[in-house]
Amino acid sequence: MKFGIMNLFPVADGASDHQVLRETLEEIQLADELGFDSVWLAEHHFSKYGILGSPLNFGMAVAERTRRITIGTAVLVLPLHHPLRLAEDIAALDVLSGGRVSIGVGRGYQPAEFTGFGVPLAESKQRYQETLEILRLALSQENFSYHGEIFHYDNVTTYPRPFTPGGPPILQGTVSPESFRQRGAVGESIITSPNFTPLGIMQKNFDLYRQSMRDNGFDLSTYDLPFMQQVWCGDGDEGLRTAATAAMNYYKSVGKVIPGSEDAIAQERAYYAAVAKNIELLTLEQTLTHGGNFGSAERVIETIEMLRDQLGINHYIGWLRIPSLDRAAALRSMEEFADKVIPHFRAQDRAAERVPTAEAVLG
């Protein structure tokens with residue numbers, strides 16, 4: 001089991017942009033020292049909801065200030081990027097970090113971001129698919145040509161070449177059951193953060209993914225299967241409810257930036273309307289039970305073990321820096337997680353490695 005942290009880079013009341021960026025960099029350095037395996041950086045534009053427009057740029061600073069932690073993006077909004085420039089930046093980060101890069105990508109959902117860059121939201125699916133295809137070519141081949149509906153290139157090579165042969169792993173943000181099935185069928189890596197999705201539905205989605213992988217000859221044991229979730233690890237009812245309240249406030253802020261029915265692509269309007277309605281009716285108790293992983297180290301461990309056993313995840317990414325939660329409380333939670341939760345699973349991993357296989361026993 002691997003463990004990561006994630007940061008959205010929101011600006012809470014009273015904070016400055018400078019403070020958010022500098023403090024987040026310090027928190028990532030701490031996570032590296034505490035033994036976390038990965039950090040995941042979100043991309044957003046034009047609002048205090050998330051002020052990091054370039055995770056790859058920020059990742060350069062992370063690479064120079066850390067020794068072992070993997071630098072991930074969660075996610076790069078592909079339709080907003082020029083694919084060749086993006087390939088260059090990914091490769092440069094891969095080189096400077098010594099291969100410590102994982103690239104999470106997604107299609108995006110905030111109309112203001114698309115409007116700001118002059119990209120039609122209706123083109124997001126096509127731009128996403130073409131940019132993804134071009135990234136894979138640019139990072140794996142020294143000379144390639146590509147002709148799609150939007151992008152056209154002949155005999156192109158991007159530099160620098162990536163440190164990782166073939167380029168860093170690319171994981172696609174995945175939500176719908178059909179996406180789980182489709183990506184499993186072609187052996188594509190995924191990343192997901194299904195807060196408030198009932199466990200039964202999540203299990204069906206992950207089962208679809210695993211079965212599709214097996215049916216098409218892919219060995220899931222060689223893949224990272226990450227899962228992102230808001231986390232508070234600590235003792236005391238007051239701290240617990242404070243963390244859950246911060247999480248609830250974050251979810252309600254999400255309701256302000258998801259597309260309205262007039263902005264959403266036609267076939268997605270019902271989905272976004274349902275999400276907005278659920279957020280509007282969200283209560284603190286629902287947040288405590290379904291909005292994340294909140295409680296003592298023992299409770300947090302139980303939840304992660306349940307997710308591992310029922311969904312098959314092997315890379316747990318905690319949103320430990322919950323937006324609007326007091327920074328000191330968030331750092332205590334991170335240290336508690338590193339002190340009690342990570343060692344628990346490390347011990348399980350070591351014990352599993354010592355168990356002889358049937359083949360070894362039988363000679």
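**Exercise 1. Find the helix that holds Thr131, and work out whether Thr131 is buried or exposed.**

Step 1: Thr131 sits in helix 5; helices here are DSSP runs of H or I with at least four residues, strands are runs of E with at least two, and both are numbered from the N terminus. This is a predicted model, where local features need pLDDT of at least 70, side-chain atom pairs count only at pLDDT 80 or more, and totals for chains, interfaces and linings use all residues. Residues are numbered from 1 along each chain as its sequence is written, and side-chain values use heavy atoms, leaving out hydrogens and water.

Step 2: The relative accessible area of Thr131 is 0%, so Thr131 is buried (buried is under 20%, exposed over 50%, partly exposed in between, with a 1.4 Å probe and protein chains only).

**Exercise 2. Which residues does Thr131 touch, not counting those up to four places away in sequence?**

Step 1: Contact means heavy atoms within 4.5 Å.

Step 2: On that basis, Thr131 touches Leu78, His81, Pro83, Leu86 and Phe151.

**Exercise 3. Check the span of helix 3, then look at its buried residues.**

Step 1: Helix 3 covers residues 83–97, which is 15 residues. The expected span is 1.5 Å times one less than the number of residues, so helix 3 should span 21 Å, and its end C-alpha atoms agree at 21 Å apart.

Step 2: Among the buried residues of helix 3 are Pro83, Leu86 and Asp94.

Step 3: The partners that the buried residues of helix 3 pack against include helix 5 (124–140) and strand 4 (101–106).

Step 4: Just past helix 3, Gly98 has a positive phi of about 70°.
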